[in-house]
Amino acid sequence: MNSTDKYDNDILKQYLNAESAEKAPEDFTCNVMTKIQPELEPLKVNGKLHTVKILPAIAAIFILTLIIIAVNIPGNDRESLSLINMLQNVDFSDLNTSFKALLNLDLPGLLTYLCVGILFLGIFDVALNGLFHRERR
Amino acid sequence: MDHDGDIKCIEQVLGGKVEAFSRLVDKYKDRTFNLAFRICSNREEAEEVAQDAFLKAFKSLKGFEMKSNFATWFYRIVYNTSISYIRNRKKGMISIEDLPSENADFRRINLSEEESEKDYRNALINFALQKINEVERGLISLYYYEEMSTEEISECTGISKSNIKVKLFRARQKMLEIIQNAEKKKLKYHEQY
């Protein structure tokens with residue numbers, strides 16, 4: 001403390017000193033640490049959720065890959081077209097021909113890929129659900 | 001634990017060792033409780049405020065600059081938490097502790113024969129502190145109990161140095177008047193009986 005700040009012959013010092021200072025209750029530290037614990041829980045859950053978020057991303061990439069494959073690869077029928085080819089062949093001036101081209105699309109082949117994709121998506125969903133509930137517990 | 005010890009603890013807490021925070025709590029708990037008690041004038045409220053201050057400090061630990069003094073940073077939290085608590089309490093109701101009698105007789109407080117001079121003094125200090133406002137109580141506590149300079153108090157409270165000096169002077173005058181009156185009464189009482 002600066003000497004200029006001090007009061008000479010300060011009577012209050014006789015009353016307000018370390019001896020008259022109040023002490024915290026004995027279980028104070030324990031109580032504070034107990035109060036801190038709930039603050040840590042959301043941090044832990046957030047941290048784990050961050051890692052869990054990688055799995056849906058992988059699933060999304062996988063599904064996207066399947067869709068791209070389904071769109072680009074034509075079915076077994078030689079006359080069938082891939083979706084990309086069909087879109088490239090669309091002639092907006094002749095809508096009747098465009099409609100015929102749409103009929104040439106090999107839908108059963110595309111549906112197979114989609115079904116496999118939906119199946120994988122379902123498996124991932126079940127796995128994520130189980131993982132999420134385990135973290136919560 | 002010195003300043004370096006505080007910093008070491010903080011680094012450990014930020015590194016994930018939350019248990020290290022208990023060392024900081026142990027070190028500062030009495031001083032924190034005393035400051036909160038002097039401002040709130042109530043043990044239960046002081047405990048709540050002190051715990052709240054530690055919780056706030058824990059949450060804000062990431063924002064603490066390692067070059068700074070932890071004690072000053074922490075006392076700012078304790079002071080602000082206590083003042084906010086009192087102001088919120090005042091909005092709701094007026095505590096009977098806020099209205100001490102002008103003619104309070106400290107022989108009543110010190111009624112029991114076993115009660116020591118120390119207890120009498122503590123009662124007198126509490127009474128005198130209740131006669132000043134919460135900001136002045138905080139300043140008096142930081143000045144006398146924590147032995148802080150006006151510059152350090154200014155850092156803790158955000159009040160200018162010159163204003164602190166004025167407030168401290170007024171608060172001291174009020175408290176001294178109360179204490180001296182009480183001492184005179186006590187002296188008369190001993191002379192009579």
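The buried residues of H7(B) are Glu134(B), Arg137(B), Gly138(B), Leu139(B), Ile140(B), Ser141(B), Leu142(B), Tyr143(B) and Tyr144(B); buried means 20 or more other C-beta atoms, placed from the backbone, within 10 Å of the residue's own. With 9 of its 11 residues buried, H7(B) is mostly covered. Helices are DSSP runs (H or I, at least four residues) numbered from the N terminus.

The model is predicted: local features need pLDDT of at least 70, side-chain atom pairs count only at pLDDT 80 or more, and totals for chains, interfaces and linings use all residues. Residues are numbered from 1 along each chain as its sequence is written, and chains are lettered from A in the order in which they are written.

Leu139(B) and Tyr143(B) are among the residues with the most contacts inside the largest nonpolar core, which has 51 residues. Such a core is a set of buried Ala, Val, Leu, Ile, Met, Phe, Trp, Tyr and Cys residues joined through C-beta atoms within 7 Å. H2(B) gives the largest share of this core, 10 residues. The core lies between domain 1 (1-96) and domain 2 (100-193) of chain B, because both give residues to it; the domain bounds come from an automatic or database assignment.

Chain B has 31 residues in contact (C-beta atoms, placed from the backbone, within 7 Å) with 23 residues of chain A. H2(B) supplies the largest share of this side of chain B, 9 residues. Its residues divide by class as follows.

| Class on the chain B side | Residues |
|---|---|
| nonpolar (Ala, Val, Leu, Ile, Met, Phe, Trp, Tyr, Cys, Pro) | 17 residues |
| polar (the others, Gly among them) | 6 residues |

Technical notes:
Two residues are in contact if their C-beta atoms, placed from the backbone, lie within 7 Å. Helices (H or I, at least four residues) and strands (E, at least two) are DSSP runs, numbered from the N terminus. A residue is buried if 20 or more other C-beta atoms lie within 10 Å of its own, exposed if 12 or fewer, and partly exposed in between; C-beta atoms are placed from the backbone.
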